[in-house]
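Subject: Structure handover

Hello,

Here is the structure for your files. My notes on it follow below.

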Amino acid sequence: MGSTGTVLRELRGAQKSAKGVSLYSRYVNRPAGRLLAAGAYRAGLTPDQVTLISALFTYAALAAVALVEPSWTLALLVYAALAIGFAFDSADGQLARLTGRGGPDGEWLDHVVDCGKLVLVHTAVLISFYRFGELPSDAWLLLPLGFQLAAVVTFCAGLLREKLGKAAAGATAGTTAAPVSRVRAVALLPADYGVFCLVFLLLGAPGAFRAGYAVLAVVHTLFLAAFLTKWFRELRALRPG
């Protein structure tokens with residue numbers, strides 16, 4: 001087992017492409033995940049165990065949102081747990097590529113945890129609104145449901161686009177990969193889960209949290225429309241003949 005420095009260098013070499021990745025994931029979450037992956041490697045953990053650690057931090061934070069009355073202390077703890085969980089979510093894939101111990105079972109587990117996270121985060125907000133929100137109108141209870149729909153459809157459609165795109169591309173001529181765009185990396189920031197987690201720092205001020213959450217819901221819905229249009233066109237372009 002090499003030194004931590006050696007492990008970190010190997011992890012950098014095994015890093016996924018930065019194409020289609022926001023600045024937050026590229027410069028914050030992936031480097032944090034790299035450090036956690038190096039620590040997990042030194043501790044002898046498997047990628048699946050790292051995935052479960054990610055789930056533990058994330059799901060504990062979401063349970064707290066649903067069950068504990070909002071406060072500034074809760075806001076800090078929830079954000080910290082969500083950010084750590086997201087970093088471990090990056091670490092499991094990095095560890096799998098480093099050790100060569102990845103496989104379809106690990107990828108499946110990672111996607112199951114991610115899907116559960118997207119459903120639970122908005123369910124937790126809905127429960128918090130209902131229990132503690134003192135809402136101006138009951139119509140606010142519809143907001144987490146709409147946000148959840150946009151998040152889950154984006155996640156599932158993106159996975160299907162990746163899988164179907166790879167299958168179709170296997171039967172067609174290869175194409176040259178587009179260069180990484182910094183403008184695109186900036187534009188994707190509002191759709192990044194790590195940036196979304198920042199809104200939980202406002203839990204101590206319920207009105208500000210509702211406003212920030214509502215703005216992000218609108219932004220994610222607009223991104224969904226753009227992504228669906230883009231992905232449909234890309235897949236249609238892969239039709240044979």
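A residue is called buried under 20% relative accessible area, exposed over 50% and partly exposed in between (1.4 Å probe, protein chains only). This is a predicted model, in which local features need pLDDT of at least 70 and side-chain atom pairs count only at pLDDT 80 or more, while totals for chains, interfaces and linings use all residues. Numbering runs from 1 along each chain as its sequence is written, and side-chain values use heavy atoms, with hydrogens and water left out.

Helix α2 covers residues 23-43 (helices are DSSP runs of H or I with at least four residues, numbered from the N terminus). Its 21 residues reach 29 Å from first C-alpha to last, close to the expected 30 Å (1.5 Å times one less than the number of residues). The helix has a kink of about 35 degrees at Asn 29, shortly before Pro 31; the bend is the angle between axes fitted to the seven residues ending at a residue and the seven starting there. Asn 29 is also one of the buried residues of α2, which include Tyr 24, Arg 30, Gly 33, Arg 34 and Ala 37. Just after α2, Gly 44 has a positive phi of about 80 degrees.

Glu 134 also has a positive phi, near 45 degrees, although it is not a glycine. Glu 134 sits in the loop between α5 (104-132) and α6 and is exposed, at 77% relative accessibility.

In helix α6 (residues 142-169) lies Leu 149, which is exposed at a relative accessible area of 56%.

Regards

Technical notes. Helix = DSSP H or I, 4+ residues; strand = E, 2+ residues; numbered from the N terminus.
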